[in-house]
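Hello,

Here is the structure I promised to send over. Please open it and read my notes alongside it.

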Amino acid sequence: MSEELLVRHCSPTLAGLKTGNLFNCKFEGITELKSTIEYMNNMLNSKGVYVYLLKLWGDRALIYVFRPNKLKKDLSQEDSKKLLSKAGYSGNNIRDYLEHLSERIYKCQEFPHEIGLFLGYPIDDVKGFIENKGRNCKCAGCWKVYTNECEAMKTFAKFKKCTDVYCKKLHEGLSIVSLTIAV
């Protein structure tokens with residue numbers, strides 16, 4: 001896992017525009033991976049960004065990069081709490097939610113669709129995806145849209161622009177720490 005991977009896949013979160021992002025990456029050994037995650041957390045936690053290992057399989061890792069303050073706010077919404085409760089989540093502790101999400105990723109035959117809440121997707125689109133089993137969306141970009149297509153398209157464009165700018169700035173020599181906005 002490199003700074004380049006983090007910037008390429010997580011710029012909207014680093015910029016404070018999004019609750020979280022996911023990406024998978026190849027790793028050589030678990031010790032090295034955990035050391036890299038610890039290193040990234042040491043750099044980014046003071047800016048309000050955390051790196052969390054969700055799943056390992058073979059030589060691949062699923063990494064979740066998120067802003068705990070935004071996540072707590074998102075998951076405390078009444079509709080979000082109801083949806084998470086139906087999926088077996090309990091408590092108000094972010095760590096417990098992440099551990100349960102990780103368990104569900106390992107155990108479920110399908111990817112647990114409530115993950116959209118952890119990524120900052122609109123609750124109505126997460127519900128729409130679940131109810132429609134991923135079909136019948138109005139449009140698709142960072143997520144499948146079932147409600148406000150116009151607003152989602154603007155958001156997708158903003159995220160793409162952010163990623164383009166962040167990748168360019170990283171290649172110009174800015175560090176991931178300087179690119180990460182403290183929110």
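At what angle do helix α1 (residues 3–14) and helix α8 (residues 149–171) pack, and how far apart are their axes? The angle is about 140°, and the axes lie 8 Å apart. Keep in mind that this is a predicted model.

α1 and α8 are therefore oblique to each other. The crossing of α1 past α8 is right-handed. On the α1 side, the contact is made by Glu-3, Glu-4, Val-7, Arg-8, Ser-11, Pro-12 and Leu-14. On the α8 side, look for Phe-159, Cys-162, Thr-163, Tyr-166, Cys-167, Leu-170 and His-171. The residues of this contact between α1 and α8 divide into eight nonpolar, three polar and three charged.

Now the sheet. Three strands form an open sheet in the order β1-β3-β2, and their pairing is antiparallel. β1 (20–26) and β2 (50–57) are at the edges. Each has a single partner strand, so one side of each has no neighbour in the sheet. From one strand to the next, the twist averages 25°.

Zoom in on one pair of strands. β2 pairs with β3 (residues 60–66) over seven bridges, in the antiparallel sense. For Tyr-52, the bridge partner in β3 is Tyr-64.

Which helices pack on the sheet, touching β2 and β3? Helix α2 (residues 30–44) does, and its direction makes about 160° with that of β2. Helix α5 (residues 94–107) also packs there, touching β2 and β3. The direction of α5 makes about 25° with that of β2.

Best wishes

Methods:
Residues are numbered from 1 along each chain as its sequence is written. This is a predicted model: local features need pLDDT of at least 70, side-chain atom pairs count only at pLDDT 80 or more; totals for chains, interfaces and linings use all residues. Side-chain values use heavy atoms; hydrogens and water are left out. Two strands pair if DSSP finds at least two bridges between them. Helices (H or I, at least four residues) and strands (E, at least two) are DSSP runs, numbered from the N terminus. Axes are lines fitted to C-alpha atoms, for helices over the stretch in contact, and angles run from 0 to 180 degrees between N-to-C directions. Contact means heavy atoms within 4.5 Å. Angles under 35 degrees count as roughly parallel, over 145 as roughly antiparallel, 65 to 115 as roughly perpendicular and the rest as oblique. A crossing is left-handed if the near helix is turned anticlockwise from the far one by less than a right angle, and right-handed if clockwise. Ala, Val, Leu, Ile, Met, Phe, Trp, Tyr, Cys and Pro count as nonpolar, Asp, Glu, Lys and Arg as charged, and the others, Gly among them, as polar.
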